[in-house]
Amino acid sequence: MTAATAGLTLVDVEQFLYREARLADEHDYDGWEALWTDDAIYWIPGGGSSAEDPDTQMSIVYDNRSRIGLRVAQLKSGKRHSQTPPSSVRRMVSNVELMGRDGADQLVGANFLAVESRDRGTTIWAGRAEYRLRLVDGEPRLAEKKVTLVDRDRALFTLSFLI
Amino acid sequence: MTVIDSHSRYDDLIQPGRVHGSLYTDPTIFAEELERIWYTGWVYVGHESEVPERGDYVVKSIGPQSVIMTRDRAGQLHLLLNRCSHRANLVCDAERGNSSALRCHYHGWTFANDGTLLGYPFMQGYGGKEAKKGLGLGRVTRMESYRGFVFGSFAAEGPSLLEHLGSATDAFDRLARLSPEGEVKITAGWLKHKVRANWKMLLENETDGYHPQFVHSSIFEVAKSGIGALYSDKSAAVSRDMGNGHTENDLRPEFRKLDVPLGWFGTTAERMPSYVSDMRAAYGAGAREILVDGSPHVMIFPNLFIAEIQLFVLQPLAVDETVQHVTALQFAGAPQLNERMLRQTIGSVGPAGFLLADDSEMYERNQRGVLARHPEWLTISRGMHRERVDDDGHTIGYATDEVPLRAIWAHYLGLMNGGVPMKGGVPMNGGSR
């Protein structure tokens, strides 16, 4: 199978992605926030040319590390109404591929399918997730996650759980 | 004055201080709204800066109808219906682009970007070229713009755009002044955020100064934001009926008390030196007042919300389905301001926004709640007993008062009763009663 890169085997990478997915599904906000590096970027492009140019075009989410912290703090406040009660969510992560290295970072691609249930109804969220993983103190951490939604050119319902 | 039928169901459903729940849920009312508001009055469509070059086009909407805004080869703007004159196929499937012609994929009819039918294949089937005349793309009957904001109306006659906007033109003037070149640019692309709620829930919320402290307390607290205080019962801010259904939360009294340039934007002149120096070069001593007063918070009836740092365009699709299109405002000659506007807007709005995700949750909860029929009324009476009139003759109230809601409903009542909107600037609180 795949040789270890950045000290991470494919199994290591998959286990990390599954853990991230589980923490997000179960609204373990502290556990999820702890996965990120200090210079992290969490990015969900919008439609059109958004995916190419986040500095001039609207994105759905374009969080630096401090804004990731703000997002988590808002979710934990108990008054994030769009997540009170939290959505019931379960997601599959699959088609995991090691996409090469960039310096010490391991680039990873995967597809995902999430089902969200709220009073409004059930919503299916699907897309491509691209990760930049880095070993910090021997543990894999998220330096970047870009989530490109299949539906990004359509009008979207509120998306306030962690995807 | 408005011409009123002797008595309509709307006179029963819209009363002083309260409106009936069925206004948000009845599909027959929604169908009448499309005819009397969306397909009669002035509706915001797009901005000239979205089609800067000859041949540019962008797909927009008026309610559920798809509208193509084009700039033809002479530089003239057009609002064309996205509907082939042959068999009603959509002629434009890209959201934007540049092309001298639009070709229908169904039978190959080709239209110039000014709407003229250029040709159809196998023309002898129509007896030659002559039949082309009169088969151009449909167009929005009237198009007018103010400071680059393009509006359309399907009514051949009626008030001009300037009459419709009335004193709300001031909001566009204030906005443009934030650019050292006096120009707004809509270049940052749009998010489309859908809610399962009636469009009027959104319209009403945009200038409801009562909700922010409750709906948005989570983000105000964790971000240590001062915005909540602007909407307290201690606030000097003012809610205003600008006439013709246009409404405002005028925050200037608070920003003038603060008296800090760019304080309205949560920053300082020191942190935006190049923008501030360009503003001083452009406006001289007047720059300080512009930078203290900040950007307007104005809802232009029925669908354009100027929300200080971003624009929202409301699009009703069904009685319980609405899309809010949102983009960051950008200004000519103001890269420092633009960068911050975009960053703040991305954080605040759209499906995952710190603010709008929660507003949208409220819209949807309202829509489910309003199905209850005991009580069957929604209360819009807050501050009725303490309304005042400002120097321009507009009704105003305290920051958290429901003056804007009453303004919207009074105007709505006039339109739904078949009235022609009054010429600009005259407050219509009290409607036809």
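**Figure 1. Area buried between chain A and chain B in the predicted model.** Chain A and chain B together bury about 3,100 Å², where buried area is the accessible area (1.4 Å probe) that two parts lose on being put together, summed over both. Carbon and sulfur atoms account for 54% of this area. On the side of chain A, Met58(A), His81(A) and Phe157(A) lose the most area to chain B, together 23% of what that side buries. The contact (heavy atoms within 4.5 Å) draws 32 residues from chain A and 41 residues from chain B. This is a predicted model, in which local features need pLDDT of at least 70 and side-chain atom pairs count only at pLDDT 80 or more, while totals for chains, interfaces and linings use all residues. Residues are numbered from 1 along each chain as its sequence is written, chains are lettered from A and ligands numbered from 1 in the order in which they are written, and side-chain values use heavy atoms, with hydrogens and water left out.

Figure 2. Polar contacts between chain A and chain B number 27 residue pairs, both residues being at pLDDT 80 or more. A polar contact is a pair of N or O atoms within 3.5 Å; within protein, one must be able to donate a hydrogen and the other to accept it, and residues adjacent in sequence count only if both atoms are side-chain atoms. In chain A, β2 (59–64) and α3 (65–76) each supply at least two residues of the side that touches chain B; helices (H or I, at least four residues) and strands (E, at least two) are DSSP runs, numbered from the N terminus. The most is given by α3(A), with 5 residues. By class, this side of chain A has 11 nonpolar, 11 polar and 10 charged residues, where Ala, Val, Leu, Ile, Met, Phe, Trp, Tyr, Cys and Pro count as nonpolar, Asp, Glu, Lys and Arg as charged, and the others, Gly among them, as polar.

Figure 3. Arg71(A) has a relative accessible area of 8% and is buried; buried means under 20% relative accessible area, exposed over 50%, and partly exposed in between (1.4 Å probe, protein chains only). The side chains of Arg71(A) and Asp63(A) are joined by a polar contact of 2.5 Å. Apart from neighbours within four places in sequence, Arg71(A) is in contact with Tyr42(A), Val61(A), Asp63(A), Leu162(A), Ala352(B) and Phe354(B).

**Figure 4. Cysteines Cys92(B) and Cys104(B).** Over all chains the structure holds 0 disulfides, a disulfide being a pair of cysteine sulfur atoms within 2.5 Å. The sulfur closest to that of Cys92(B) belongs to Cys104(B), but at 11 Å the pair is too far apart for a bond. For Cys104(B), also in no disulfide, the nearest cysteine sulfur is that of Cys84(B), 3.9 Å away. Cys92(B) is buried at 6% relative accessibility, and Cys104(B) is buried at 2%.

**Figure 5. Backbone geometry in loops.** In chain A, a cis peptide bond with omega of about 5° joins Thr84(A) and Pro85(A); Pro85(A) lies in the loop between α3 and β3 (88–102). In chain B, Phe301(B) and Pro302(B) are joined by a cis peptide bond with omega of about 0°, and Pro302(B) lies in the loop between β17 (297–300) and β18 (304–307). Arg147(B), not a glycine, has a positive phi of about 50°; this partly exposed residue, at 43% relative accessibility, lies in the loop between β11 (142–146) and β12 (149–153). Leu262(B) likewise has a positive phi, near 70°, in the loop between α9 (252–258) and α10 (273–283), and is buried with a relative accessible area of 0%.

**Figure 6. Helix α4 and strand β11 of chain B.** In helix α4 (residues 169–176), 6 of 8 residues are buried, among them Phe172(B), Arg174(B) and Leu175(B). Met143(B) is found in strand β11 and is partly exposed, with a relative accessible area of 29%. Beyond neighbours within four places in sequence, the contacts of Met143(B) include Trp42(B), His78(B) and Phe151(B).
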